[in-house]
Amino acid sequence: MLYLTHDIDWLSPFHPYAWIKCLTHGSKWLKPHQLMHQNIFLNSIESICKHNVQEKINAVWLIGAASGHALSRYGLRYTTNSVNYPILIQLLKKWNCTIGLHSINNESINTQVIQLKSFTGQNVLYHRLHFLKQYNELENDLAQANIKVDFSFGKARQVHLADKNSNTEVKFVPTLLFDNAFFFNKPEEVFSTFSTELRKAIATNKDVAICFHPENFLILPALREYYQEVIRISRNEGAVFHNPASTL
Ligand SMILES: [Zn+2]
């Protein structure tokens, strides 16, 4: 089974780090004129939702649920108090998206799960660590918070089939491809390695995930085409996209 996932790292273009990144990240970040549009991230999220419906794929959206720390180094760039937060929840619900937790390490995973549940009214079954910052007690923390599937294992900048066993009820589904790979490698290389590794995963009955960030579609316009191609390759290799209505 293949899980299509999206991490939400940004909700407001007016966050100070969004402007600092214009100076530090060059072509790997948004242009100042793009940051003038208040709803730029929400619009990108909605555009992906529409696209996924056309593709008949129900993606898992991993969103933050911390009440603070939007300015700390590894924090998310929004909190549950942000103006756009309830708008985001409404938007994802309108498009029938599956919602999971994108956690940060400044608050316990359990606390973030409880907070997210209070906003969505739904159980929180899916999880990915922001920045993939693994730590020793992760599995116990996930089990305690009743998370069923975790996507935190993988490499942010390259296609990689991580191996992670579980000693609990938590199922570790490695993320085979992050869209950031397209910023650091030639697209043909990404496609080719992805297809080889996906074939291996399918042959060994291993579930994997792919992750695309809404902001990356704004930074790299060609990403839309790459996204289509990754979906096409996946179907071509015989991958079955996860459908939350059927099973975990
Ligand atoms: Zn993140």
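**Close-up views of a predicted model**

**View 1. H2 and H3 are roughly parallel to each other.** The model is predicted. Helix H2 covers residues 40-55, and helix H3 covers residues 84-94. Their axes lie 11 Å apart. The angle between them is about 10°. Angles under 35 degrees count as roughly parallel, so the pair of H2 and H3 falls in that class.

**View 2. Residues from both helices make the contact of H2 with H3.** H2 supplies Leu-42, Ile-45 and Glu-46. H3 supplies Asn-84, Ile-87, Leu-88 and Leu-91. By class, 5 of these residues are nonpolar, 1 is polar and 1 is charged.

**View 3. The largest nonpolar core has 62 residues.** Trp-61, Leu-176, Leu-177, Val-208, Ala-209 and Ile-210 have the most contacts inside this core. H2 gives the core its largest share, 5 residues.

**View 4. Ile-210 is in contact with residues from elsewhere in the sequence.** Neighbours within four places in sequence are left aside here. Leu-2, Leu-4 and Thr-5 are among its contacts. Thr-175, Leu-176 and Leu-177 also touch Ile-210 in this sense, as does Val-230.

**View 5. The whole protein sets the close-ups in context.** The protein has 9 helices and 8 strands. Its C-alpha trace spans about 45 × 40 × 35 Å along the principal axes. Buried residues make up 38% of the 248. Among contacts between residues at least 6 apart in sequence, 71% join residues at least 24 apart.

Technical notes. Residues numbered from 1 in each chain as written. Predicted model: local features only at pLDDT ≥ 70, side-chain atom pairs only at ≥ 80, totals over all residues. Helix = DSSP H or I, 4+ residues; strand = E, 2+ residues; numbered from the N terminus. Buried ≥ 20, exposed ≤ 12 C-beta atoms within 10 Å, placed from the backbone. Contact = placed C-beta atoms within 7 Å. Axes fitted to C-alpha atoms, helices over the stretch in contact; angles between N-to-C directions. Parallel < 35°, antiparallel > 145°, perpendicular 65-115°, else oblique. Nonpolar A, V, L, I, M, F, W, Y, C, P; charged D, E, K, R; others polar. Core = buried A, V, L, I, M, F, W, Y, C linked by C-beta atoms within 7 Å.
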